[in-house]
Amino acid sequence: MSAFPLARSASGLVFTSGLAAVDPETLAVTSDTFEGQAKEVFRQLDTALDAEGSSRDRVIRLDCYLADRRWFPDWNTVFRSHFPTAAPARITTVTTLPIDGLLIEIQAIAVATAQEERS
């Protein structure tokens, strides 16, 4: 079990933690390719949102952190493939990530399903 929650809900919104391709037990990076890490962060995003009563199509903001700006074109491709319509607002920051070998980390804010149905 992870030391921190994948997501929390409040006021009809779901806030994810930083999601990265890291084994929660060993803190080892689980893939050495950008594609592999991006696939894992979106798997985690779907899991986190589902557990909190939301889904990727309800994401309204996505923050992405890249270890190097050379991954930006690949990030754009991955982003478009995971949000083919109604893409959320987003920001991409190039920064040093906390674990060696980590290439991408994301976090999201989504509308909870129950809240949207009440609107």
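Predicted model: local features only at pLDDT ≥ 70, side-chain atom pairs only at ≥ 80, totals over all residues.
Residues are numbered from 1 along each chain as its sequence is written, and side-chain values use heavy atoms, with hydrogens and water left out.

Helices (H or I, at least four residues) and strands (E, at least two) are DSSP runs, numbered from the N terminus, and two strands pair if DSSP finds at least two bridges between them. Strand β2 covers residues 13–16. On one side, β2 runs antiparallel to strand β1 (residues 7–10), with 4 bridges joining the two; within this pairing, S9 has V14 of β2 as its bridge partner. β2 is also joined to strand β6 (residues 104–111), again antiparallel, by 3 bridges, and here L13 stands opposite V111.

Most residues other than glycine have a negative phi. Burial gives some context for this spot: buried means under 20% relative accessible area, exposed over 50%, and partly exposed in between (1.4 Å probe, protein chains only). S11 has a relative accessible area of 75%, so S11 is exposed. L27 also has a positive phi, near 60°, and is found in the loop between β3 and α1. With a relative accessible area of 52%, L27 is exposed too.

Next come the charged pairs. Side chains of opposite charge can pair when their charged atoms come close. A salt bridge is a side-chain nitrogen of Lys or Arg within 4 Å of a carboxyl oxygen of Asp or Glu, and by this rule the count comes to 3. One of them joins E40 to R43, with the closest N and O atoms 2.7 Å apart. Both residues lie in helix α1 (residues 34–51), 3 residues apart, or about one turn of the helix. E40 counts as buried because its relative accessibility is 19%, whereas R43 is partly exposed at 46%.

R56 is partly exposed at 22% relative accessibility, and D46 is partly exposed at 29%. A further salt bridge brings together the side chains of D63 and R61, at 2.8 Å from N to O. D63 is buried, with a relative accessible area of 10%, while R61 is partly exposed at 35%.

Rings make up the next part of the picture. Rings of Phe, Tyr and Trp (its six-membered ring) pair if their centres lie within 6.5 Å; planes under 30 degrees apart count as stacked, over 60 as edge-to-face and the rest as tilted. The count comes to 5 aromatic pairs by this rule. F42 and F83 have ring centres 6.0 Å apart and planes at 65°, so this pair is edge-to-face. Because F42 lies in helix α1 and F83 in the loop between α2 (72–82) and β5 (89–94), the pair ties together parts that are 41 residues apart in sequence. F79 and F83 form a tilted pair, 5.2 Å centre to centre with 40° between the planes, and both of these residues are buried. F42 is buried as well, with a relative accessible area of 1%. Ring pairs link F42, W75, F79 and F83 into a cluster.

That leaves the largest pocket. On a 1 Å grid over the protein atoms alone, a pocket is an open set of points where a 1.4 Å probe fits, with protein on both sides within 12 Å along at least five of seven lines; lining residues have an atom within 4 Å of a point. Grid points are joined across faces, edges and corners, and a volume is the space filled by probe spheres set on the points. The largest pocket holds about 410 Å³ of space. Its lining has 21 residues, and F4, A20, V22, P24 and Q44 are the closest to its centre. The largest share of the lining, 4 residues, comes from α1.
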